[in-house]
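Please read them alongside the sequence and the coordinates.

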Amino acid sequence: MNPFIEIITQPDNIAIVIMIIMVTFFMVWAFQQAFQNDRLLAAGLPVDGEKDKFVDTFKPLVRIELIIAIVVMVGLTVWSIAVDAPLEEIANPTITPNPAKAPWYFLGLQELLVYFDPWLAGVVLPSLIVVGLLAIPYIDINPKGNGYYTFSERKYAIMIFSFGFFVLWLLLIVIGVFFRGPGWLWYWPWQEWDHARVVFEPTKDLTSLIGVDSRSLPGFIIGALVVGSYLVGGMIAPYRYWKKNNPELLAKLGIVRYVTIIFLFITMMSIPIKMVLRLVFLIKYIWITPWFNV
Amino acid sequence: MKRLPEITDKVKRNLIWKSIFRRDYRNNVRDRAQAIFGNVFLHLHPVQVRESAVKLRFTWGMGGITFFAFITLVITGVVLMFYYHPTIDQAYTDIKDLEFQVPFGVILRNLHRWGAHFMVIVVMIHMFRVFMTGSYKAPRQFNWGIGVFLLVLTFLLSFTGYLTPWDQLGFWAITVGTNMGAATPLLGYQGPFSEYLHITPYNDVRFALLGGAQVGGNALLRSYIWHCVAIPLISIILMFVHFWRVRKDGGISKPQK
């Protein structure tokens, strides 16, 4: 069979196909409603839901809940009749499957292991995702766009969240499920998996580009300077920009919110930056220390 | 059929009927309200809601669908527990028995498996909807936080269930997942700075998760208890708070400009 068909019809992967369809559908629906409300806002008209009246819960709401419950139950039942849950061989610690994949919703994090050491990819970054999500209501001080779909009133919030959700979370999951084969090597869906395939990529560390051994003291210092200037520069640059162009915003944010926002943002952006460094320039580490590597 | 109204009338005057349904339902304002607050399951709702709450396009029903998926999983999960022993000798053969011995065992397991995938998908879409409508903004900041914890708990519920069939897929998925615990800074034996705390493979985070240095019988028991008892309990408590706060924060968010 065509490997592509084979891969998307694997029982567990059907869930991913359903996820892609559902997420795409609701993404389009959300943005379509957002743009529709934006047009109403531009015309000075009330947005969808603003003129809502109250209706009885019994029965309009109870009825629609019941209908949804029945539809979901029918859908799950059909899915369960049509597709059987896989059961592989009994667990055997001596036979390691290749690739050994985490559950699908963690494959984005597993993908990060290509670019970061486990303490970052598996512990620090996931924790920061949770912290960042928890922080959203407290760092987003824009009072607009509360209770209705809109894009124009909260462009940056939506763009940053969408980048994190659709690209860094969902796209990496899809890559992990469909494009990663033995040895976590990249396989196009139409390529056969080849267990003997070895890709030799002579990765380097950043400092060796300028001829400094990354494990030497000068290498350590240069690496520390690069990482430090990314963090410090990333912290200062927006401050100076806003100080000049939008000082009211800075005053409204206050120092604690500002530092939290920028720290979370530059941490998030370090992921695509490190991906480009690794994939395009074959750079493994930027900074090597006796305790950890970045 | 002529006598049907007479029969229903008689039934409704019966002592047992009247003890269950305290009053007759006539379609008036008072009885429509009574139908909600007189019912333990329905009184989660207010008596009246805004129109957006009954239109699909605003909420997509995603929070409710997530809750419904959870209920489905609790019911199928409880039935599955009747057929399952969390030991390495029996776990795998119990799953095989579902296939060959238990009536409708295959569909039971499929419902639980696909329901779990489904719940993870819809809870993420629910979060996306709440973000896109700005519903985390005042006064709902705290409830967004509860939701984030429920999202994480949903992942953990699914993750801990992965090991229970004791097959290669679950075994290695859990091995890969818990190996991350070993990389925790300070508290994992491979993590940065852990040597200063004298952390070894036998006293680190991973050991606590697995109840051993490898995925074995203790890990199976631990994941089973987390999966069937501990995490569902925590989730249910947080769901109470989540639903309660939806009401107390004013129901489905409405445009505030």
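**Salt bridges and the domain interface**

1. Arg113(B) and Asp12(A) form a salt bridge in which the closest N and O atoms are 2.7 Å apart. This pair joins two chains, because Arg113(B) belongs to helix 8 (residues 105–132) of chain B while Asp12(A) belongs to helix 2 (residues 11–42) of chain A. Arg113(B) counts as buried, at 16% relative accessibility, and Asp12(A) is likewise buried, with a relative accessible area of 14%. Please keep in mind throughout that this is a predicted model.

2. A salt bridge also links Arg32(B) to Asp56(A), with the closest N and O atoms 2.5 Å apart. The pair crosses between chains, running from helix 3 (residues 29–37) of chain B, which holds Arg32(B), to strand 1 (residues 54–56) of chain A, which holds Asp56(A). Arg32(B) has a relative accessibility of 18% and therefore counts as buried, the limit being under 20%, and Asp56(A) is buried with a relative accessible area of 16%.

3. Within chain B, Asp9(B) forms a salt bridge with Arg13(B), the closest N and O atoms lying 3.0 Å apart. The two residues are separated by about one helical turn, because they stand four residues apart in helix 1 (residues 4–13) of chain B. Asp9(B) is partly exposed, with a relative accessible area of 40%, whereas Arg13(B) is exposed, at 57%. Elsewhere, Arg23(B), Arg26(B) and Asp31(B) are joined into one network by salt bridges that share partners. Over all chains the count comes to twelve salt bridges.

4. Turning to the domains, the assignment for chain A gives domain 1 (1–45 + 100–194) and domain 2 (200–294), and the centres of these two domains, taken over C-alpha atoms, are separated by 24 Å. Contact involves 19 residues of domain 1 of chain A and 22 residues of domain 2 of chain A. The area buried between them is about 1,800 Å², with carbon and sulfur atoms giving 81% of it. On the side of domain 1 of chain A, Tyr115(A), Ile139(A) and Ile141(A) lose the most area to domain 2 of chain A, together 33% of what that side buries.

5. Across this same interface of domain 1 and domain 2 of chain A the rule finds zero salt bridges, although it does find three residue pairs in polar contact. Helix 5 (118–139) and helix 6 (155–178) of chain A are the elements that give two or more residues to the domain 1 side, and helix 5 of chain A gives the most, with eight residues. By class, that side has 16 nonpolar, two polar and one charged residues.

Definitions and conventions: Residues numbered from 1 in each chain as written. Chains lettered and ligands numbered in written order. Predicted model: local features only at pLDDT ≥ 70, side-chain atom pairs only at ≥ 80, totals over all residues. Heavy atoms only, no water. Domains from an automatic or database assignment. Contact = heavy atoms within 4.5 Å. Buried area = accessible area lost by both parts, 1.4 Å probe. Salt bridge = Lys/Arg side-chain N within 4 Å of Asp/Glu carboxyl O. Polar contact = N/O pair within 3.5 Å; in protein donor to acceptor, adjacent residues only side chain to side chain. Nonpolar A, V, L, I, M, F, W, Y, C, P; charged D, E, K, R; others polar. Buried < 20%, exposed > 50% of the residue type's maximum accessible area, 1.4 Å probe, protein only.
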